[in-house]
Amino acid sequence: MEDLSTETKLEMQRRMLRIRAFDERASKMVKRGHIPGTVHTSIGQEAQVVGATMALRDGDYMTGNHRSHGHPIGKGSPLGPLMAELVGKATGVCKGKGGSLHLADFSVGSLGESGIVGSSIPIAMGAALSASVRGSDQVALAFFGDGAANQGVLYESMNLSGVWKLPVVFLCENNQYALSTPAHTVTSGVIAERAAGFGMPGVRVEEGQDVLAVHAAVSEAAALARSGGGPSLVEVVTYRYNEHSEGLRLGTDYRPADEREAWLKKDPILLFREHLEGIGVSPADLDALEAEVLQEVDDAVAFTDASPFPDPSVAFDDLYTDTEYAA
């Protein structure tokens, strides 16, 4: 395991707390009608998100999926513009036009996300190709779920990345359910082992609730990519505590009654708090950190409430049409 400083570990805890508190607040706001539509939370998956994103450098790229509030938070995005985007305000990271499913924050290398399963994977590959052509040492990280692990676009991207030795890390967030479909009923074999067919390393992080284990695996893959060694596939076993999306009622038949309870005992934030106390961080300091994060979320909501909705006149700004090129 890596020898990380206490300061770095505290930042890991801070970012996991930010994701948890942000998503808990977003869940409440949806149910109160403050956010249109629905949101997909990463509650329970914080270790996987932060472990991966903090293994990247500031200038590295990443792409997300439908469950992606946590990814830009893990990479360092401020909470205010992210919350404003969920509500559709003009001060949002996408000027209120993207919403929960289409967050992007180029300032931290977050190139965007999509509700179309697997669609952001080739975008990460394209970013890696750009880095390769430009001769930079940037790496691209593609997040996708176990459902997207069976999409053909993943294998097209893995194949081309392997041929061209592109600096990309393919990261499967295996929370074991594609909406309500258990992964074992539709996925043959171990996802990480599919890497061998494309001549790249594949690793499965069984303890996906351990932020340090995830960080170590992704750090190794990123270092390989950065050195010219090409792509890797990392599969992280994790679990989402909430429903597929907030407000969705799928019943309980697809998840055994005792399964969620067992995973709650492996809460990544509580586990890492125990680790931090074990290396000498005081409970009072950790309590203060939690209070600071809750205040950050309150401030993000206040920022959102004070922000205007986009003016209708900007509805077609940032769109590109054939008429522009015809001129």
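A nonpolar surface patch, as the term is used here, joins nonpolar side chains (Val, Leu, Ile, Met, Phe, Trp, Tyr) that lie within 5 Å, taken from residues with over 30% relative accessible area and no salt bridge. In this predicted model, one such patch covers about 400 Å² and is made by Leu129, Val133, Val163 and Trp164.

**Nonpolar surface patch**

- Two elements, H5 and helix H6 (152-164), each give two or more residues to the nonpolar patch made by Leu129, Val133, Val163 and Trp164.
- Val163, which lies in helix H6, has a relative accessible area of 56% and is therefore classed as exposed, the cut-off for that class being over 50%.

- Within helix H9 (residues 268-278), Glu277 and Arg273 are placed four residues apart, about one turn of the helix, and their side chains meet in a salt bridge with an N to O distance of 3.0 Å.
- Of these two residues, Glu277 is partly exposed with a relative accessible area of 34%, whereas Arg273 is buried with a relative accessible area of 15%.

- Asp318 and Lys95 form a salt bridge in which the closest N and O atoms are 3.3 Å apart.
- Because Asp318 lies in the loop between helix H10 (283-306) and helix H11 (322-326), and Lys95 in the loop between helix H4 (79-87) and helix H5 (121-134), the pair ties together parts that are 223 residues apart in sequence.
- Asp318 is partly exposed, with a relative accessible area of 46%, and Lys95 is likewise partly exposed, at 46% relative accessibility.
- Most residues other than glycine have a negative phi.
- Against that background, Lys95 has a positive phi of about 60° although it is not a glycine, and Asp318, also not a glycine, has a positive phi of about 70°.

**Packing of helix H1 against helix H7**

- Helix H1 (residues 6-31) and helix H7 (residues 211-226) pack with their axes 11 Å apart and at an angle of about 105°.
- That angle falls in the range of 65 to 115 degrees, so H1 and H7 count as roughly perpendicular to each other.
- On the H1 side of this packing the residues that meet H7 are Lys9, Met12 and Met16, and their counterparts in H7 are Val211, Leu212 and His215.

- Trp263, located in helix H8 (residues 257-264), is buried at 11% relative accessibility.
- With residues up to four places away in sequence not counted, Trp263 touches Gln176, Gln209, Val237, Thr238, Tyr239 and Tyr241.
- The C-alpha atom of Trp263 is separated by 32 Å from that of Gly197, a residue 66 positions apart from Trp263 along the chain.
- Asp60 sits in the loop between helix H2 (46-53) and strand S1 (61-63), and at 1% relative accessibility Asp60 counts as buried.
- Once neighbours within four places in sequence are left aside, the residues in contact with Asp60 are Lys75, Val108, Gly109, Asp137, Gln138, Val139 and Arg226.

Definitions and conventions
Residues numbered from 1 in each chain as written. Predicted model: local features only at pLDDT ≥ 70, side-chain atom pairs only at ≥ 80, totals over all residues. Heavy atoms only, no water. Salt bridge = Lys/Arg side-chain N within 4 Å of Asp/Glu carboxyl O. Buried < 20%, exposed > 50% of the residue type's maximum accessible area, 1.4 Å probe, protein only. Patch = residues over 30% accessible without salt bridge, like charges linked within 9 Å, V, L, I, M, F, W, Y side chains within 5 Å. Areas by Shrake-Rupley, 256 points an atom, 1.4 Å probe, with all protein chains shown as cover. Axes fitted to C-alpha atoms, helices over the stretch in contact; angles between N-to-C directions. Parallel < 35°, antiparallel > 145°, perpendicular 65-115°, else oblique. Contact = heavy atoms within 4.5 Å.
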